[in-house]
Amino acid sequence: MATFKDFRNNVKPNWCPGCGDFSVQAAIQKAAANVGLEPEEVALITGIGCSGRLSGYINAYGVHAIHGRALPLAQGVKMANRDLTVIASGGDGDGYAIGMGHTIHALRRNMNMTYIVMDNQIYGLTKGQTSPSSAVGFVTKSTPKGNIEKNVAPLELALSSGATFVAQGFSSDIKGLKKLIEDAINHDGFSFVNVFSPCVTYNKINTYDWFKENLTSIDDIENYDTTDKQLAIQTVLEHESMLKGIVYQDTETPSYESQIEEMEGTPLAKKDIHISEDKFNELTKQFV
């Protein structure tokens, strides 16, 4: 059985010292090992940004996709080989800006995979501009007089889009984050995990201490029921999305691919899809 060390490779991350993404990487590696996966059973698809480098730092199948397009590529991988545990990841700029359309449709589609967003409320790779998650009034190089746009609300977005697993973690709480990712992997459907992963270089507002002071753990909310969607929405609004833990889980809605009869049996990736030259010519005649 694989261990945490089996998901390591020899590539040294070049994130800034103290970046929250180090903890997210470790949490993914530990979670994959804890649920009994082997490196060759995992595919990690990432977008562009600091967090997008993650696919090169973990010993598993990996693809560094183009900006905002990690999710369609990851869904294609899952459709081609449902035996793989597919994890897509990216930052708030990747998932909530250029990739927002893909995010909403993936949430409602409910394919059996996990999507982890490393949310630091800023564009870090391009040296500190306002992102879709940046709060009103946030001062950056692109908003020197303060951000005038309302920030996106990932938990509200996920719940309203029909997601069947909605969770939020904090990179400083690696034990809790590891458990969230384990539960996400084990969920039969699309698992959305927003992770507050502070940028220590360009965001001096949303720091580790700031999150520790402002986050409320779901476990500390009395009589909370993760299967109650109305309660989940109400709680998210009451706490202005500053929650940590599993916010909502629906185990009744079937996954996308489980409803497609053609996906039963041997996965497409393992089938012989070669066709003869005669057959190829026959098929292409209709387009000539």
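Which helix gives the most to the lining of the largest pocket? I began my notes with this, keeping in mind that the model is predicted.

**Entry 1, the largest pocket.** I looked up the elements around the largest pocket and found that H7 gives the most to its lining, with three residues. Helix H5 (154-160), strand S6 (190-196), helix H7 (208-214) and helix H8 (229-238) each supply at least two residues of that lining. I noted a volume of about 470 Å³ for the largest pocket, and I saw that 24 residues line it, with Asn 151, Val 152, Glu 240, Ser 241 and Met 242 lying nearest its centre.

I then turned to the second largest pocket, which holds about 270 Å³ of space. It is lined by 16 residues, and the closest to its centre are Leu 180, Asp 219, Lys 244, Gly 245 and Ile 246. I found that strand S5 (165-170), helix H6 (174-186) and strand S8 (243-249) each supply at least two lining residues here, while H6 gives the most, with five. I recorded this lining as six nonpolar, five polar and five charged residues.

Last, I looked up a nonpolar patch on the surface, formed by Ile 275, Phe 280 and Leu 283, which together have about 260 Å² of accessible area. I placed Phe 280 in helix H9 (residues 277-284), and I noted that Phe 280 is partly exposed, with a relative accessible area of 47%.

Technical notes. Residues numbered from 1 in each chain as written. Predicted model: local features only at pLDDT ≥ 70, side-chain atom pairs only at ≥ 80, totals over all residues. Heavy atoms only, no water. Patch = residues over 30% accessible without salt bridge, like charges linked within 9 Å, V, L, I, M, F, W, Y side chains within 5 Å. Areas by Shrake-Rupley, 256 points an atom, 1.4 Å probe, with all protein chains shown as cover. Salt bridge = Lys/Arg side-chain N within 4 Å of Asp/Glu carboxyl O. Helix = DSSP H or I, 4+ residues; strand = E, 2+ residues; numbered from the N terminus. Buried < 20%, exposed > 50% of the residue type's maximum accessible area, 1.4 Å probe, protein only. 1 Å grid on protein atoms, 1.4 Å probe; cavity = no way out; pocket = protein on both sides within 12 Å on 5 of 7 lines; lining within 4 Å. Points joined across faces, edges and corners; volume = space filled by probe spheres on them. Nonpolar A, V, L, I, M, F, W, Y, C, P; charged D, E, K, R; others polar.
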